[in-house]
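Biologist: I would like to learn how to read a few features of a model. Please give the general idea each time, then the case at hand.

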Amino acid sequence: MESSEEDGGVPLSRMAEWRDVTPLRQDDGPNPVVPITYKEEFRETMDYFRAIYKADERSPRALRLTRRAIHLNPGNYTVWHFRRLVLEALNTDLDEELDFIQRIANSNSKNYQLWHHRRWVIERLGSNARSKELHLIKSILSLDAKNYHAWSHRQWVLQALGGWEDELDYCRQLLEQDIFNNSAWNQRYFVVTRSPFLGGLPAMRASEVRYSVEAIVVNPNNECPWRYLRGLYKDDIESLVNDREILSICLKVINTKSDYIFALKMLLDLLCYGFQPSQELRDAVVALWTSDTRPLDADLATAICDILEHVDSLRASYWIWRKNKLRIAA
Amino acid sequence: MESFTSPTVTQRDQILVEQQVFSIFKTFYDMPPSSQSFMLELQRENHVEYLTNGLKQLGPSFCVLDANRPWICYWILHSIALTDEFVDPELEDNTIDFLSRCQDPNGGYGGGPGQLPHLATTYAAVNSLVTLGGDKALSSINREKLYSFMRQMKDASGGFRMHDGGEIDVRACYTAISVASLLNILDDELVQNVGNYILSCQTYEGGISGEPGSEAHGGYTFCGLATMILINEVNRLDLSSLIDWVVFRQGVEGGFQGRTNKLVDGCYSFWQGGIFALIKRLNSTKGERSIPLGDGEDSTASSDATEESSNKDLSQGGSHSEKGDHHDTSSRVNVDDISHNSSKGHAKVDPLFNSLALQQYILLCSQDLNGGLRDKPGKSRDHYHTCYCLSGLSVCQRSWSEDEDAPPLPRAVLGPYSNLLEPIHPLYNVVLDRYQEAHEFFTGS
């Protein structure tokens, strides 16, 4: 147990340092529900914490006590909160605090309190902490490239302290390792839209479209680049409808007659936005329909809904609903 | 010349899960019908035993949930209520007493006696008390103090902090607004700017993230959507892209993933599945088969005033429904007033997600035959997953129902009809008739 490493596992009641404190028992009542069978060390640590917390004692020993309590239950937000009060009162070296959090993070990387505490510390350390922090988050992401807290924290650091310069390249690296990593795609969108060095979405759009299309070529069944493509045109439907590259990749994938669900879906969305299909496109779609019993609908959007209903049968009711929407819009 | 690229981490992880799940499905399909029936049975007694045991005692490993005990209460009590089973009156009393000790004198509930009040544990405590029902439970909530606690947690950004000096995110917004709505203490001060905050969290994918810029995520999407409905601002969201995102979160396993290209997890049966229950309510209150076309636009001819009043009914704590001239009021489903028109009862359209596939995943892959439900095969059961798998199952079974008074058709319930769970109120995730009792209690109607 980590706290044993810290204090040698000696009960607090046997430490001279704590002799003046009367531990405070938890007020669970006579018949508590969801009672936890606390181990002795846990119970005792929390009894002393309650006493210190009630007395609002913001001392060095209180700081040590919170460390012990956090090791036993990193989810106790009251302890983290009090620790912050003590750190402030003692004006403690916050760089060491980062090391402490790091140790807790090794086995608790998905804990809300830890990440929130880290933000609090970094806020106080300022931009000097920036590169070390970005580096640390990178190492956590190398163990789990989709850790939600790590990504949120990374975005916060970039916005609060900067460091945008290498971020797009970092996304590229991650996507090279795993093109299916949606967190990396999301980060890419974040950088492209918010980095002060890239000129914003309109400036980046053309190259990002190319990047997405390259990803689609390799894995047309990867949902990420398709949603990313759509996202690049978030507030500019007209440009979306007129983008030749998007049209071209849809056609290309449909012509392979395999892994074409997202391509058809994109085409459906374009049609709903007013896109006028070419004969070549119509023919490519018709070629997908293999039923002898039923001809494909003359309306291309309707036809696509029918095809999707069959090839993406898990979502049949969604495609039927989309088809019905077409009729109402007409 | 094609080169073989080794599978990425995402692909590898996904393949492993698919293998496990498909192996279960194959075993199932190869069984004789009588065995299949058994496999599809909801193991009610075992689940209730597992849950009740947890209410009475938890082992030392639960130390890491020592700041989450109201949550454990809620997960257990709500699950038991879904199965329409009873909790020993003594245990109920003990729960009310215990939660009172978690209540802070200055408002809100902490994760245990003496702990700092926290919006999430407040949500869990209030939902637990609502689930227990009865005057004693409901009157134990100090609404005035709770309101002032919430006002203190309110942030200028429009969001809420989870606790004093705590984190701000969409989850905090939901827990605050859900509780305030349920207790009839929702006001303009609390609602101010929440919509703007949540709107800033809808991502390019269509789903909603925890904070602006983060990845679209099932839990936050549920929280964000529910909150927007509760504060009457749901049409500000791009609903068609939200729906489009969430339908694609259902995987070949039948269950839902939390984010694009991540693994299926039983708890998303509710977080993602519940979104469809919310959408269904939205559509039915507009009095027509109104379908959002995109970017918040609506295809109905109803005026802004009518839309506003129908939205209000959805979230209104009050008992009266605003009857506009433009509505076909006979087919409206008011969140508060469910008893009406029982002749209809069933939707003419199928749910937008694959309800039977999800039920199959829950029943065959999430159930622990010794009681309790889990994330996926290979993971251990826990109370959280039990709660959300069962909540998701309830949503699935009711996904064709327009009218909560009419029992679902047998075809809506996978497995024996005895699998049927109690209906929930999807905005709060409490059993519907407990919601109704609480609503009457807190609005004095």
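This is a predicted model: local features need pLDDT of at least 70, side-chain atom pairs count only at pLDDT 80 or more; totals for chains, interfaces and linings use all residues.

Biologist: Let us start with chain B. How many helices and strands does the secondary structure of chain B come to?

Modeller: Chain B has 19 helices and four strands. Of its 445 residues, 64% count as buried. Among contacts in chain B with a separation of 6 or more, 69% are between residues 24 or more positions apart.

Biologist: Which residues have the most contacts inside the largest nonpolar core?

Modeller: They are B:Phe160 and B:Leu225, in a core of 235 residues. Helix 4 of chain B, residues 69-82, gives the largest share of this core, with 10 residues.

Biologist: Now helix packing. At what angle do the axes of helix 4 of chain A and helix 6 of chain A cross?

Modeller: The axes of helix 4 (residues 77-90) and helix 6 (residues 112-125) of chain A cross at roughly 15° and come within 10 Å. Helix 4 and helix 6 of chain A are therefore roughly parallel to each other. Their crossing is right-handed.

Biologist: Which residues make the contact?

Modeller: From helix 4 of chain A come A:Tyr77, A:Trp80, A:Arg83, A:Arg84, A:Leu87 and A:Glu88, and from helix 6 of chain A come A:Gln113, A:Leu114, A:His116, A:His117, A:Trp120 and A:Arg124. By class, the contact of helix 4 with helix 6 of chain A has five nonpolar, three polar and four charged residues.

Biologist: Helix 4 of chain A also packs with helix 2 of chain A. At what angle do these two pack?

Modeller: The angle between helix 2 (residues 40-55) and helix 4 of chain A is about 45°, and their axes are 12 Å apart. That makes helix 2 of chain A oblique to helix 4 of chain A. The crossing of helix 2 and helix 4 of chain A is left-handed. A:Met46, A:Phe49, A:Ile52 and A:Tyr53 of helix 2 make the contact with A:Thr78, A:Val79 and A:Phe82 of helix 4. Six of the residues in this contact of helix 2 with helix 4 of chain A are nonpolar, one is polar and none is charged.

Biologist: What is the angle for helix 1 of chain B and helix 17 of chain B?

Modeller: The axes of helix 1 (residues 9-30) and helix 17 (residues 355-366) of chain B cross at roughly 95° and come within 10 Å. That makes helix 1 of chain B roughly perpendicular to helix 17 of chain B. On the helix 1 side, B:Val21, B:Ile24, B:Phe25, B:Phe28 and B:Tyr29 meet B:Gln360, B:Tyr361, B:Leu364 and B:Cys365 in helix 17 of chain B. The contact of helix 1 with helix 17 of chain B has eight nonpolar residues, one polar and no charged ones.

Biologist: Next, backbone angles. What should I look for in phi?

Modeller: Most residues other than glycine have a negative phi. A:Asn91 has a positive phi, near 55°. A:Asn91 sits in the loop between helix 4 and helix 5 (94-107) of chain A, and is exposed, with a relative accessible area of 70%.

Biologist: Where is B:Asp84 found, and what is its phi?

Modeller: B:Asp84 is in the loop between helix 4 and helix 5 (89-102) of chain B, with a positive phi near 60°. At 44% relative accessibility, B:Asp84 counts as partly exposed.

Biologist: Last, burial. Is B:Arg69 buried or exposed?

Modeller: The class is read from the relative accessible area, and buried means under 20%. B:Arg69, in helix 4 of chain B, has a value of 0% and is buried. Leaving aside neighbours within four places in sequence, B:Arg69 has contacts that include A:Gln26, A:Asp28 and A:Tyr38 in chain A and B:Phe98, B:Gly111 and B:Pro113 in chain B.

Biologist: Is B:Gln103 buried or exposed?

Modeller: B:Gln103 is buried, at 16%, and lies in the loop between helix 5 and helix 6 (119-132) of chain B. Beyond residues up to four places away in sequence, B:Gln103 touches B:Gly108, B:Tyr109, B:Ser140, B:Ile141 and B:Asn142.

Key. Residues are numbered from 1 along each chain as its sequence is written. Chains are lettered from A and ligands numbered from 1 in the order in which they are written. Side-chain values use heavy atoms; hydrogens and water are left out. Axes are lines fitted to C-alpha atoms, for helices over the stretch in contact, and angles run from 0 to 180 degrees between N-to-C directions. Angles under 35 degrees count as roughly parallel, over 145 as roughly antiparallel, 65 to 115 as roughly perpendicular and the rest as oblique. A crossing is left-handed if the near helix is turned anticlockwise from the far one by less than a right angle, and right-handed if clockwise. Contact means heavy atoms within 4.5 Å. Ala, Val, Leu, Ile, Met, Phe, Trp, Tyr, Cys and Pro count as nonpolar, Asp, Glu, Lys and Arg as charged, and the others, Gly among them, as polar. A nonpolar core is a set of buried Ala, Val, Leu, Ile, Met, Phe, Trp, Tyr and Cys residues joined through side-chain atoms within 4.5 Å. Buried means under 20% relative accessible area, exposed over 50%, partly exposed in between (1.4 Å probe, protein chains only).
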